[in-house]
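Open the model in your viewer and follow the stops below. Each one says what to select and what you will find there.

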Amino acid sequence: MADTPILETRGITVQFGGHKAVKDVSIGIADGTITGLIGPNGAGKTTLFNTITGLQKPTAGKVFLDGRDITSAPPYKRARRGLARTFQRLELFVSLSVRDNLRVAGDIHNANGRARIDVEAETDRLLELTGLADIADKDVSDIPTGRARVVEVARALMTSPRVLLLDEPASGQTDQETDEFAELLTGLADQGLAICLVEHDIPLVMKLCSTIHVLDYGAILASGLPEEIKNDQSVINAYIGTEEEAV
Ligand SMILES: Nc1ncnc2c1ncn2[C@@H]1O[C@H](COP(=O)(O)OP(=O)(O)OP(=O)(O)O)[C@@H](O)[C@H]1O
């Protein structure tokens with residue numbers, strides 16, 4: 001896969017009053033790769049995701065998708081151009097079935113999007129792909145959190161994204177669910193999807209990601225390969241060494 005990033009932030013800064021939550025962050029996410037974004041609570045990871053998806057206006061800096069400046073584009077336009085995300089606090093339709101959560105996303109995509117999809121066929125395909133077929137007709141309110149996180153990913157995939165941003169997707173998953181989830185993400189990246197993973201499960205991040213960026217107090221503390229990050233003393237001091245406290 002090409003190393004040219006499909007998604008790029010350049011010098012993103014986000015200031016809330018006198019507090020800089022994100023400071024001059026430049027990262028790139030390439031097709032067919034999984035990029036990790038880690039760091040202590042409050043480091044600015046979600047704020048950076050919100051800026052990339054258009055929920056948060058940056059104080060400074062730009063966001064590029066496929067070479068186009070999308071800094072001023074509203075969230076729905078970014079979604080149309082191939083950006084999808086999941087949320088740290090699940091944002092599913094809890095009174096609907098798993099299947100209907102996917103269908104709704106497909107219908108919205110068809111109403112707003114450019115390339116129409118066959119909603120029924122795509123729903124069935126993604127239920128199989130994500131291992132949700134056995135609970136397809138259950139209401140989301142009746143399924144465990146770990147599997148609901150997979151529903152959120154499946155729903156995001158209904159929009160045929162090119163970039164998928166995942167905010168703590170393994171939180172609440174059992175070890176077995178996390179293993180299956182890791183396989184799913186690897187398969188999606190192998191098919192060309194660019195994935196950015198915010199996650200406190202460090203072993204999972206180390207296993208999946210080709211590049212990892214560490215945020216601390218809003219700024220990039222370190223960027224590199226998993227081995228480099230694992231052995232970086234500043235990262236150990238700021239985050240990995242105190243992982244129990246950070247989670
Ligand atoms: N809307 C807001 N208004 C004011 N401050 C905010 C707002 N959103 C986030 N912050 C602050 O910005 C900083 C970064 O928060 P953010 O949620 O991005 O961190 P995070 O790295 O995602 O943390 P976590 O790992 O706990 O999810 C925190 O100090 C937070 O309190």
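**Whole chain**

Start with contacts across the whole protein, in this predicted model. Take the contacts between residues at least 6 apart in sequence: 66% of them join residues at least 24 apart. Now switch to a cartoon view. The protein has ten helices and ten strands. Its C-alpha atoms fill a box of roughly 50 × 40 × 40 Å along the principal axes. How does the radius of gyration compare with that of a compact globule? For 247 residues, such a globule would have a value near 18 Å; the protein has 17 Å, which agrees. Of the 247 residues, 42% count as buried.

**Colour by confidence**

Colour by pLDDT next. The average over the protein is 92, and 96% of the residues score at least 70. Where pLDDT is low, the predicted coordinates should not be read in detail. For the complex, the predictor gives an ipTM of 0.96 and a pTM of 0.92.

**The ligand shell**

Select the ligand, then the residues around it. The shell is made of Phe-16, Ala-21, Gly-39, Asn-41, Gly-42, Ala-43, Gly-44, Lys-45, Thr-46, Thr-47 and Gln-88. By class, three are nonpolar, seven are polar and one is charged. Which element gives the most to this shell? Helix H1 (residues 45-53) does, with three residues.

**Helix H1**

Stay on H1. This helix is mostly covered, with eight of its nine residues buried. The buried ones are Lys-45, Thr-46, Thr-47, Leu-48, Phe-49, Asn-50, Thr-51 and Ile-52. Step past the end of the helix. Gly-54 follows H1, and its phi is positive, near 95°.

**Ala-84**

Select Ala-84, in strand E6 (residues 83-85). Is Ala-84 buried or exposed? There are 24 other C-beta atoms within 10 Å, so Ala-84 is buried. Show its contacts, leaving aside neighbours within four places in sequence. They are Ala-79, Ala-156, Thr-159, Pro-161 and Leu-164. Now draw a distance back to Phe-49, one of the buried residues of H1. Ala-84 and Phe-49 are 35 residues apart in sequence and 10 Å apart in space, C-alpha to C-alpha.

**Two domains**

Colour by domain. Domain 1 covers 1-82 + 161-247, and domain 2 covers 89-160. Their C-alpha centres lie 23 Å apart. The contact takes 14 residues from domain 1 and 15 residues from domain 2. Look at the domain 1 side. Helix H2 (75-80), E7 and helix H6 (175-190) are the elements that give two or more residues to the side touching domain 2. H6 gives the most, with four residues. By class, this side of domain 1 has eight nonpolar, three polar and three charged residues.

**Glu-180**

Select Glu-180, which lies in helix H6. With 17 C-beta neighbours inside 10 Å, Glu-180 counts as partly exposed. Draw a line from there to Ile-70. Glu-180 and Ile-70 are 110 residues apart in sequence and 34 Å apart in space, C-alpha to C-alpha.

Finish with two loops. Most residues other than glycine have a negative phi. Here are two residues with a positive one.

Select Asp-66, in the loop between strand E4 (60-65) and strand E5 (68-69). Its phi is near 55°, a positive value in a residue other than glycine. Asp-66 counts as partly exposed, because 16 C-beta neighbours fall inside 10 Å.

Move on to Ser-160, in the loop between helix H5 (145-157) and strand E7 (163-167). What is the phi of Ser-160? The angle is about 50°, positive although Ser-160 is not a glycine. With 15 other C-beta atoms within 10 Å, Ser-160 is partly exposed.

Terms used: Residues numbered from 1 in each chain as written. Predicted model: local features only at pLDDT ≥ 70, side-chain atom pairs only at ≥ 80, totals over all residues. Rg over C-alpha atoms; globule rule 2.2 N^0.38 Å. Buried ≥ 20, exposed ≤ 12 C-beta atoms within 10 Å, placed from the backbone. Contact = placed C-beta atoms within 7 Å. Near = placed C-beta within 6 Å. Nonpolar A, V, L, I, M, F, W, Y, C, P; charged D, E, K, R; others polar. pLDDT = per-residue confidence, 0-100. Domains from an automatic or database assignment.
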